[in-house]
Amino acid sequence: MCFLLFATISSNAQFQYLYKRKELTHTGIMGMGMFYSSIDADGFPIGFRGDIRARLLHLFTAKFAYYRSNSMKSGQGELSAATNMQVETCFLFRKLKMEGVSFGVYAGYDQGIRNTKFNDVTLIENETGKNIGNSSSLDPNTIETSNIKILFRTQIPHARLGFTFYNYSKKRYEQYYLCYNFITTPSNKLYTTDVSYYNLSVPLRYNVGGLTNSKQGVIFGYNALVRNIAVIDFEIGFRPSFYQVNPKEKLTTLEKDFFLQLGVGIRIF
């Protein structure tokens, strides 16, 4: 609803399909589709992403992103592709001396849904309390069980707060942001998951043990629309994540929380 309001709030508003208008107007909405890939502690997720982005007089910007990542398999089961949603807003309250450049504040929220798998975690069935998967207790000399990985889907919802630089012209815009991100859900709410255990077709609910999580991080991001058609989106930094509790091995922040994500695509409308 708010995006439609942005499109009609000015007679100069823009809503274009397949580039019927060549120039970016001060107020309008855009739709984008892209391929993205990430590198993080959870593995190497890849997938597709759709964005709806809005701007109001180059003073306010908003973005809604929908992610769909690849499916995952392991010795403990199979998960379909994961979906995740993210929203961002920027308020640009100060124009700088450089032409077309503004400075402002940035805020966002990431639903944090992820597919992941670990070697040494415990799954406990909610209803019975029965331990049904703990690869760390298996005989390491047994080839069939020594490499079993427990696969699950869960989420770490987190908020983002920071500042942004916004640069625009008639044929392009680009945005830089640096933000602090932090968990918005109590830690004890994070350790349950839907799991397809031993390839069952119906996911069941389990408690997860043997994990802990980091609670904060810092992210640098950049996104741009180039020549009114090509889309580039890039993030690098540290975000809240799960990691295994292992007293024999101390993980660094780089090993636990680092991630890099790159998306490339085209503008659809």
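Val264 is found in strand 20; strands here are DSSP runs of E with at least two residues, numbered from the N terminus. This is a predicted model, in which local features need pLDDT of at least 70, side-chain atom pairs count only at pLDDT 80 or more, and totals for chains, interfaces and linings use all residues. Residues are numbered from 1 along each chain as its sequence is written, and side-chain values use heavy atoms, without hydrogens and water.

Val264 has a relative accessible area of 43% and is partly exposed. Buried means under 20%, exposed over 50%, and partly exposed in between (1.4 Å probe, protein chains only).

Strand 17 (residues 216–226) pairs with strand 13 (residues 173–183) in the antiparallel sense over 10 bridges; a pair of strands needs at least two DSSP bridges. Within this pairing, Ala224 in strand 17 has Glu174 opposite. Strand 17 also runs antiparallel to strand 18 (residues 230–238), joined by eight bridges, and Asn223 stands opposite Asp233 in strand 18. The hairpin of strand 17 and strand 18 has three residues between the strands, and Arg227 there takes a positive phi near 55°.

The count of disulfides is zero, a disulfide being a pair of cysteine sulfur atoms within 2.5 Å. The sulfur of Cys90 is too far for a bond, because the closest cysteine sulfur, in Cys179, is 9.7 Å away.

| Cysteine | Relative accessible area | State |
|---|---|---|
| Cys90 | 4% | buried |
| Cys179 | 2% | buried |

Conventions
Helices (H or I, at least four residues) and strands (E, at least two) are DSSP runs, numbered from the N terminus.
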